[in-house]
Every structure is written in C-alpha cells, then in structure tokens.
Amino acid sequence: MMKKYLWSFALSAIVLAGCGKKEEPPTPALAPAPVATAPAAAPVNTEEKVLNIYNWADYVPEGMIATFEKETGIKVNYDTFETNEALHAKLVAGNSGYDIVVPGSVFAKPQIEGGLLQPLDKSKIPNLANLDAPILATLAAKTDPDNKYLVPWAWGFTTVGINKTKVAKALGAMPMPENAWDLVFKPEYTAKLKSCGIAYLDSPTEIIPVALHYLGKDAYSNDPADYKLATEMLAKVRKDVRIFSSTMIDDIAGGKACVAIGWSGDINIAAVRAKENQSKDEIESMLPSTGALIFFDTMALTKDAKHPNNAHAFIDFYLRPENAALMANEMNYPTANKAAMDQINPEIAGNKTIFVEADYFAKMIPPSSFSNEAREAMANAYNSFKKGK
Ligand code: SPD
C-alpha cells in the first residue's frame, strides 16, 4: 500500500518545492467535522431537479451520470469542451448556464481571482475527506488557498504520444531520440515523421509551455519575449505538422497521426481503442527524458450556478471511492482520491504512464498559471505560428 501512494507524496513534494513552500499538513478546513450532539434535520433541497455540467471530452466513465440521475432524480445536462480556452471564454461571457465546470488549474487560478467561480460549501461534501491531503495542499499552495473553490477531478500530464509501429517505420535507420520531445520539435525527426502524421493539441496554453520547456525556459513564463523564442523554434517544424487536433484520441487511434503532443490519459485511451479496433500497432504515452508537464483538472461551481445544491450533491457523489476508481480505471487518468486506490485495477495502478513512479516525478514540471495579458500574448504568438506554413 505504501508503494501505491508514493506517487502522490512525491508529486506534492515536487510541486511544493517548485513554489518554495514546505509541505504542510491538511488545512483545518479539511479535518473531519466535529460530531454533533443531537442529529440535525437534513436541509431540504428545493432546487429544480436539474444539473448542468461542462467537462472535458472523454473524461466521465460510462454510466456514471445515469447512476447519479437514477439515485437522485436529478436530470444532468452534460456538455463537453476540448480546451481550457473554450471553457474560459464561456465563463468570461457570463450566463453560461453551467453549474459545474472543470477547468485545468492553470486557468482556475485566474478564474477564482476574476470572480468567475463561487466558493464551495464544504459541509455539503463530506466525501472531501477521501481526497489525498498532499494533493490538496499542492492545489492550495499554487492555485486555491484553503481549497475553497476547487475539487480535483483527475490529473495527468502533457507529453508525446507515439504509434510505435508507424514511427519506427517512418524513422527507418534513424534511432529513436533519447528525449521524446525531439520527435515533435526537432526538424531532423519531424521531416521524417510528417509522412505518418504529426498532431499538436490545438491550444496556445498547451503548446507554448511545452515548447518553452523544450527550450530549457520556464514553461509558465509570463514574458512575451519567451513566446517569441518558442514560436521561432516552432516555425522550423510548422510545415511538418499535419493536424492541430481537438479530437486527439481518434486521430491517434484512427491512424491520422503517428506522433502527437497530447495528454497522458487520452494517449492511453487511444492505445486501448486501437486494440479494440483490431489494430496491431502499439501506441504509447512517452515519458520524455527531460520531463513532461503535470496538470490538475478541477471541479468548480460557476459564480451564477442556478443549482448549487445539486452541484454539491454531484461533487460528493463523484468523490465516493468507487466512482473515482471507475474514472481512473476507464479514463486512464490518476485520481486524487486516496480512498479509491484499493479499487484501481492492477493494470492501471501498475501502468507507469498513468501512476508515474516517484523518480520520474522528480523530472516533471508542476503547473503554474498565466496573467490575462500573458495569455493574450501567447494566443497571438500561437495563432501566427499556426497560420505560417
Ligand atoms: N480527456 C480528458 C482530457 C483532459 C485534459 N485536461 C488537460 C488540461 C491540461 N492543461
């Protein structure tokens, strides 16, 4: 059991080290509530029986929403998005109609600071106690002081995914590089791999940070001069990039791309899907020698959520160990739910590209955030890179 949890403690230590703070014990707010002397009557939920959720695509296990609906009688309208930018634009526009949204922590911080989210009522989420305290401490230190707004849905990392079979064929006599990032950023490799398809995630805040990391810069630099450096480097491989993808799982599994900048779990889902489609090709989520970029995706209530009670009920439902385990088992992303660890299938728990080993964590880059101005400069730099062929 100790070994299983090593990843989360290692993660926390690294992330906290990155922001110059020592790991702290769970905040008092997360401690179990004192036992009441007399049972209080449960407040009646008078909200209409509706809940509107906006989450990343391919992130919820089959049947989970239906189970919640059956159990509570609450009708869930579940929509999906592909990028943090898409979600952010909806929140900034206001009146999104959504109760629960699932921003990456890089965007959640400015959303909290910009008043786009509302604090949680923790008394309505007893299953918060199931969460891994070091991960909550990490989120508190970097993004959400006192864990007031955010509850982890899952986490993972941005990395390189390959179709091993096709990449080996396209490279021919050229050996695989030691650093997998070379496959997507170094012209010697991209010139060969363009024949079987190179795909990048279609999002400035996904591509510029990994390009900066490859250049040895701070992946979360807020300096536009660094974005210029990143796009100068990217311009050299632009002609070799086939797809700017918002359907990465299908693009890899369906053979449109043999190498991609994508998210760890989605690459693993593509590997499973390719097998289901009887493909003999082996798809792999890589662990680049210089590290990959960690992300946390977090549930939050919009500032104008019309169904906050239903939203709290769903968050508590998701935090049941069996539901968090179902997410990890089906979606190939690690959960921050410590109580779920015993229910993770051995092949998922033992997959080092899902539950990464402690020594690889030492190389990974913890998430930070960007100012609104920096994001705008990054989007401009990215869009001109994308247009220039
Ligand atoms: N299929 C779910 C993908 C979730 C990816 N979230 C990534 C946020 C990274 N910045």
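Which residues form a disulfide, and how far apart are their sulfur atoms? They are Cys196 and Cys258, with 2.1 Å between the two sulfurs. A disulfide here is a pair of cysteine sulfur atoms within 2.5 Å, and the count by this rule is one. The link of Cys196 and Cys258 is right-handed, with 60 degrees about the S-S bond.

A word on the model before we go on. It is predicted, so local features need pLDDT of at least 70 and side-chain atom pairs count only at pLDDT 80 or more, while totals for chains, interfaces and linings use all residues. Residues are numbered from 1 along each chain as its sequence is written, and side-chain values use heavy atoms, leaving out hydrogens and water.

Now to the ligand. The residues around it (a heavy atom within 4 Å) include Trp56, Tyr59, Trp263, Phe295 and Tyr333. Domain 1 (50-156 + 296-361) and domain 2 (157-293 + 370-387) each give at least three residues to this shell; the bounds come from an automatic or database domain assignment.

The side chain of Asp297 places an N or O atom 2.7 Å from a ligand nitrogen, and a polar side-chain atom of Glu206 lies 2.9 Å from a nitrogen of the ligand. Ala57 uses a backbone N or O atom, 2.7 Å from a ligand nitrogen. Alone, the ligand exposes 340 Å², and the protein buries 95% of that (Shrake-Rupley accessible area, 1.4 Å probe).

Notes
A polar contact is a pair of N or O atoms within 3.5 Å; within protein, one must be able to donate a hydrogen and the other to accept it, and residues adjacent in sequence count only if both atoms are side-chain atoms.
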